[in-house]
Amino acid sequence: MPRRLLLLLALLLLPLAARAQSWPDRPIRLIIPFGAGGISDSVGRIGAEWLSKQLGVPVVADNRPGGNGAIGMEAVLRSPADGYTLLGASASHLVVLPLMQRLTFDPQRDFTPISMTAGNPLVLAVATGMGPTTLPAFRDMVAARPGQLQYASGGTGGLSHLGMEVLLQRLGLQMEHVPYRSGPLAMQDMMGGRIQVHLGNALDMTAARDAGMIRLLAVTGATRSAILPDVPTVAEQGWPGFEVTTWNGLAGPAGLPVAIRDRIAGAMRQACADDGVRRSLLRIGADPLCSTPAEMAASMQRLTPIMREAIALSGATVN
């Protein structure tokens, strides 16, 4: 490349480098595409508080629910890729949403992965009166009654529904799906004896488990959950490679300067070494992750075919 052209490129890149070095010098907005309350909002606010301390500027959580998350995501994409507007991202938005709904953007192309803050483990629970204490025993019981037993989910097309369909396929089982408006509502009916099987969030289940009302058979992540270290994974019980998981974290618009991305990711890596942050995440039922950008991108790629299969198995409508 001619020396004059190299000099011109260097001059053009100088303003970008200068902005990255001076960043941040004003408040940062973290758009959370959920309403207030719930685990995704809580993880976002824990991350915002930590980043504010580490970066020395306010990081303001801004809830933008609607459109199954698309409204908040579009607000981030309309903002400059300068690190002052970030997305409180989740696997549901970056992986599942584009498979379920026609969007004006491609989440995996139009966003910059920064860090998975925390994982949200799913756990297979059964009513204590059902009998099985392990996943193989559950498989044998359901296999003896094909299509006769029901399982509850937190809603059609949600992760508890999609994850259960993949699990049933791997186990070679058939069950009838009973959707609820939320996981906690499904748990209420489970504790009341109206439903006997549910794949849901660990936090929704711990109190019922501790009271002896339900039994937890397996977690669906690649590793055991920090929240429920005594509950084995699906893979540990005879189905190697099984993984259905979700997470919450941070992303920015495509084109976010690498220096800014790495500074945010570096700050978040330190978060999981902080006892206060870890306790806050575990308290809301989230496993501390604090990943690198590359790990977040790899998770998105790994989950995409799993979720595509789950949607096909579930019959959930793609708009």
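This is a predicted model: local features need pLDDT of at least 70, side-chain atom pairs count only at pLDDT 80 or more; totals for chains, interfaces and linings use all residues.

Biologist: Then is asparagine 68 buried or exposed?

Modeller: Asparagine 68 is exposed, because its relative accessibility is 57%. The residue sits in the loop between β2 and α3. Its phi is positive, about 55 degrees, although asparagine 68 is not a glycine.

Biologist: Which residue other than glycine has a positive phi near 50 degrees?

Modeller: That is cysteine 290, which is located in the loop between β11 and α12. Cysteine 290 has a relative accessible area of 2%, so it is buried.

Biologist: And where is proline 24?

Modeller: Proline 24 belongs to the loop between α1 (3-22) and β1. The peptide bond that leads from tryptophan 23 to proline 24 is cis, with omega near -5 degrees.

Biologist: Let us turn to the sheet. What is the strand order in the open sheet of 6 strands?

Modeller: The order is β2-β1-β3-β10-β4-β11, and the pairing is mixed. The edges are formed by β2 (59-63) and β11 (287-288); each has a single partner strand, so one side of each is left without a neighbour in the sheet.

Biologist: How does β4 pair with β11?

Modeller: Strand β4 (residues 111-119) pairs with β11 in the antiparallel sense, over 2 bridges. Glycine 119 has aspartate 287 in β11 as its bridge partner.

Biologist: Which helices pack against these strands?

Modeller: Helix α3 (residues 70-77) packs on the sheet and touches β1 (28-32), β3 (85-90), β4 and β10 (247-253). The direction of α3 makes about 145 degrees with that of β3. Helix α12 (residues 293-314) lies across β3, β4 and β10, and runs at about 90 degrees to β4.

Biologist: What about β9: which strand is joined to it?

Modeller: Strand β5 (residues 122-127) is joined to β9 by 5 bridges, and the two run antiparallel. Valine 126 stands opposite arginine 215 in β9. Of the 6 residues of β9 (residues 214-219), 5 are buried, so this strand is largely enclosed by the rest of the structure.

Biologist: Now helix α7. Why do you regard α7 as largely enclosed?

Modeller: Because 11 of its 13 residues are buried. Among them are Leu159, His161, Met164, Glu165 and Leu171. Just after α7, glycine 172 takes a positive phi of about 70 degrees.

Biologist: Tell me about histidine 161. What does its side chain contact?

Modeller: The side chain of histidine 161 makes a polar contact with that of histidine 177, at 3.4 Å. Histidine 161 is part of helix α7 (residues 159-171) and counts as buried, because its relative accessibility is 2%. Leaving aside neighbours within four places in sequence, its contacts include Tyr151, Ser153 and Ser314.

Biologist: Finally, how many residues are in the largest nonpolar core?

Modeller: It has 54 residues, and those with the most contacts inside it include Leu124, Phe138, Met164 and Met307. Phenylalanine 138, leaving aside its neighbours within four places in sequence, is in contact with residues including Leu124, Val126, Met164 and Leu217. There is also a second, separate core of 31 residues, which includes Ile46, Trp50, Val59 and Met268.

Terms used: Residues are numbered from 1 along each chain as its sequence is written. Side-chain values use heavy atoms; hydrogens and water are left out. Helices (H or I, at least four residues) and strands (E, at least two) are DSSP runs, numbered from the N terminus. Buried means under 20% relative accessible area, exposed over 50%, partly exposed in between (1.4 Å probe, protein chains only). A polar contact is a pair of N or O atoms within 3.5 Å; within protein, one must be able to donate a hydrogen and the other to accept it, and residues adjacent in sequence count only if both atoms are side-chain atoms. Contact means heavy atoms within 4.5 Å. Two strands pair if DSSP finds at least two bridges between them. Axes are lines fitted to C-alpha atoms, for helices over the stretch in contact, and angles run from 0 to 180 degrees between N-to-C directions. A nonpolar core is a set of buried Ala, Val, Leu, Ile, Met, Phe, Trp, Tyr and Cys residues joined through side-chain atoms within 4.5 Å.
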